[in-house]
Amino acid sequence: MKNSISKFLIVLIIFIVSSCASKKEMIYFQGNQEATTKFEEFIPKIQSSDRLAISVSAADVRATDPFNQQSIYQAGSSNMQTNPYVKTYTVDENGFINYPVLGLVKLGGLTRSEAENKLKEELSKYITNPGVNINYTNFKISVLGEVKNPGYFSIPNDRITILEALGMAGDLTVYGVRKNIMVIREQNGEKKTYTVDLTSKDILNSPVYYLAQNDVVYVEPNGAKVSSSKFTPNYSLLISVAGVIISVIAVISK
């Protein structure tokens, strides 16, 4: 009896140890190779349904009045503290906004800086040396799965990395698979999926290292989490009872 209990405990210990994640599965950015990434290689472009907060400046402040119509939108989230009530414009399905005086202006398909330059060019017909500042008011990404705080997050500009997004979600739980993070992105009306490995420095060269508007980041659960989901709510109680029984048998068999 005593020999049987010892064998059982050895098997139990081996099972527990084998279930534990290895160091290589948990550590980010492994490898000795150098890796770099450039934001210029991926800059989000304005899409339909984007909401843009636009402000115009010039030496002659009164000349900008027709183009700086205020709204009740509180633009604190878009980092435009100098004018907390900036008018926002929604990009229609054809990529146009309806701007005061200028009428329909196509900004869809342009980067934020390209859109600013285009508006400057149009406004130069009415204002001397105008300045234009454009910010997204609905740039958001979603982080789902095995993270501490899943949900969607509003971004005050067009620059966020997948690492920053995971940080906003509280990082992965111990059950998250770090080698197979999925990013779902819509491009040209189609959904595309990408996978990244957080344990490798190659992530810095990934096309989804910088996230785009409405990207979804999904962290899948590891085997331990999937296995535990199969057990009933009383599983932990059963384990505790089994432990007590094993202890009693061990004492009796001495």
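In which loop is V101 found? Before I answer, let me say that what we are looking at is a predicted model. V101 sits in the loop that runs between strand 3 (96-99) and strand 4 (103-106), and its phi is near 70°, a positive value in a residue other than glycine. For context, most residues other than glycine have a negative phi.

There is another residue of this kind, D171, which is not a glycine either and yet has a positive phi of about 70°. D171 lies in the loop between helix 3 (162-168) and strand 8, and D171 is partly exposed, because its relative accessible area is 30%, a value between the limits of 20% for buried and 50% for exposed.

Strand 8, which covers residues 181-187, pairs with strand 9 in the antiparallel sense over seven bridges, and R185 has K192 in strand 9 as its bridge partner.

Finally, I would like to turn to the second largest pocket, whose volume is about 490 Å³. Of the 20 residues that line this pocket, the closest to its centre are K45, Q47, E186, Q187 and N188, and the lining as a whole divides into five nonpolar, 10 polar and five charged residues.

Methods: Residues numbered from 1 in each chain as written. Predicted model: local features only at pLDDT ≥ 70, side-chain atom pairs only at ≥ 80, totals over all residues. Heavy atoms only, no water. Pairing = 2+ DSSP bridges. Helix = DSSP H or I, 4+ residues; strand = E, 2+ residues; numbered from the N terminus. 1 Å grid on protein atoms, 1.4 Å probe; cavity = no way out; pocket = protein on both sides within 12 Å on 5 of 7 lines; lining within 4 Å. Points joined across faces, edges and corners; volume = space filled by probe spheres on them. Nonpolar A, V, L, I, M, F, W, Y, C, P; charged D, E, K, R; others polar. Buried < 20%, exposed > 50% of the residue type's maximum accessible area, 1.4 Å probe, protein only.
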